[in-house]
Amino acid sequence: MTASRQVDAVAIDAPPITSGRTHLQRRLDQAVTLVFLVDIVALVAASLLAWQLRAGIDSRWSTPFTTGHLQPSAGPWLVALWALVLLAGGAYDPREFGAKLEEFRSIVLCSVITLGLVGFIGFLSQSRMSRGYVLLLFAIGIPLLLVVRYADRKVIHALRQRGRLIHRVIAVGHPGSVAELDAVLRREPWTGYRVVGMCAPVGVDTGALTLLGTVDELPRIAVETEADTVLVAGGSYSSASELRRLGWALEGLDLDMLVVPSLTDVAGPRVHFSHVAGLPLVHVQEPQIDEAMGLVKRTFDLVISAGLLVVLALPMLVVALVIKAQDGGPVFYRQHRVGGQQRDFGMFKFRSMVVGADRVRTELDHANETDGLLFKIREDPRVTRFGRFIRKYSIDEIPQLFNVIRGEMSLVGPRPPLPEEVAQYDGDVHRRLLVRPGMTGLWQVSGRSDLSWEESVRLDLYYVDNWSLTSDLVILLKTARAVLLSSGAY
């Protein structure tokens, strides 16, 4: 029986199967309620602080700035109105909770709407409430709500890393598509989705994936496995009618059905949705390679790197003196690397190894602890004692700022490869050479030396295709945290 006929059978012949709210849905409702109560506390705190600040300002002047009056009784009404707008505006939608930036956008939008409503109501009622108090309330309340929501997200992500608040997912589709999605979800457990198995047409080889049954058994299996999400991947349907029938088959089960387009590693800003004649269309913007090599990024690199060189001049001098004093060898180590557009350049680093370390490199191949084309040894015998310290906190990489000034590197970009690595590149890996390599990048803030070769390449390609100045700023901030914690560095 084909997948289409199986779905037809479910939609027409199968008896209705009902299911109450799942355990996860109840827990999510409880979590959202708790977040709502925390937000109420934050708004009350903002109201009290705004009231105190406005009273303090008035007390310092013989004549207040405005003819409005401080009205403590207005505070609860403003907090209540703000909370209602947040509720109505989707700021507590469980589907976006803890995983999407839309929840931050919802908070800002709802807050602006609330401010507009307060002004409108005040105008109609001719209220003499202090405008300074209202402005202070929103000036304090909006950032406070965003900080609280960020803390909520961190808690949710930590819980999901520990296996809690996880969506139990049944996947439907071609085994190859499902396996690819399963790998992405396992790699990013903070998203809260875990594939417990898949349903496939009779006779399909699902490989390592757990086969729970056929497509026509999906409603029963979803109830028995206590799944709360059905993930429809590529190859599960050949027409819109089949997908519609699959939705009918799941009707009444209180399940989320997610239809996954064949798009992975595409950043949100590049994806736009529209509806044309009832057809949901996904518009995918072309890769951002030109922008990643453009004037804006180059100007950003020059300004920041020049400023860092001025600030770090004295620490760099101290490091250079220590390296020179330890064995009398050269302070800098210049290594041959391949840059953007496959241009070779010499990458500067503070020397962290003994003199002549390159000559014994091949003798240590048997101790390599990484896969693919990378070479890393956690306890490399060539590294000096001071070299271990500067490597741990990435101090040895500071001289690469000179490479940035010269236009050979960027502050943020793919990992700069060695020529022998490039010689073994195949297929898509060459795309990482279309832009300047970076002092830091997604590979730096995602594990550094702990990453596998495959994961390092994936992150570099993602950066090349999805560059934005905002992402560069975020990566730089995360780099500071990764360096301070010395995560994945050796």
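Is Asp39 buried or exposed? Asp39 is buried, with a relative accessible area of 1%. Here buried means under 20% relative accessible area and exposed over 50%, with partly exposed in between (1.4 Å probe, protein chains only).

## Basis

This is a predicted model: local features need pLDDT of at least 70, side-chain atom pairs count only at pLDDT 80 or more, and totals for chains, interfaces and linings use all residues. Residues are numbered from 1 along each chain as its sequence is written, and side-chain values use heavy atoms, leaving out hydrogens and water.

Asp39 forms a salt bridge with Arg149 (a side-chain nitrogen of Lys or Arg within 4 Å of a carboxyl oxygen of Asp or Glu). The closest N and O atoms are 3.3 Å apart. Asp39 sits in helix α2 (residues 23-59) and Arg149 in helix α5 (residues 131-161). The pair links distant parts of the chain, 110 residues apart. Helices are DSSP runs of H or I, at least four residues, and strands are runs of E, at least two; both are numbered from the N terminus.

Arg149 is buried, at a relative accessible area of 0%. A network of salt bridges links Asp39, Glu103, Arg149, Asp152 and Arg153. The salt-bridge count comes to 17.

## Helix α10

Helix α10 covers residues 295-311, 17 residues in total. It reaches 24 Å from its first C-alpha to its last, close to the 24 Å expected. The expected span is 1.5 Å times one less than the number of residues.

The buried residues of α10 are Lys297, Arg298, Phe300, Asp301, Ser305 and Leu309. They cover an arc of only 155 degrees around the axis, so they lie on the same side of α10. The arc is taken from the directions from the helix axis to the C-beta atoms. The face turned away from this buried side carries exposed Leu295, Val296, Val303, Val310 and Val311. The buried residues pack against several elements, among them α11 (313-327), α16 (453-465) and α17 (469-485). Contact here means heavy atoms within 4.5 Å.

Asp472 lies in helix α17 and Lys297 in helix α10, so the pair ties together parts 175 residues apart in sequence. Asp472 is buried at 0% relative accessibility. Lys297 is buried at 3%.

In helix α16, Arg458 forms a salt bridge with Glu455. Their closest N and O atoms are 2.9 Å apart. The two are 3 residues apart, which means a separation of about one helical turn. Both Arg458 and Glu455 are buried.
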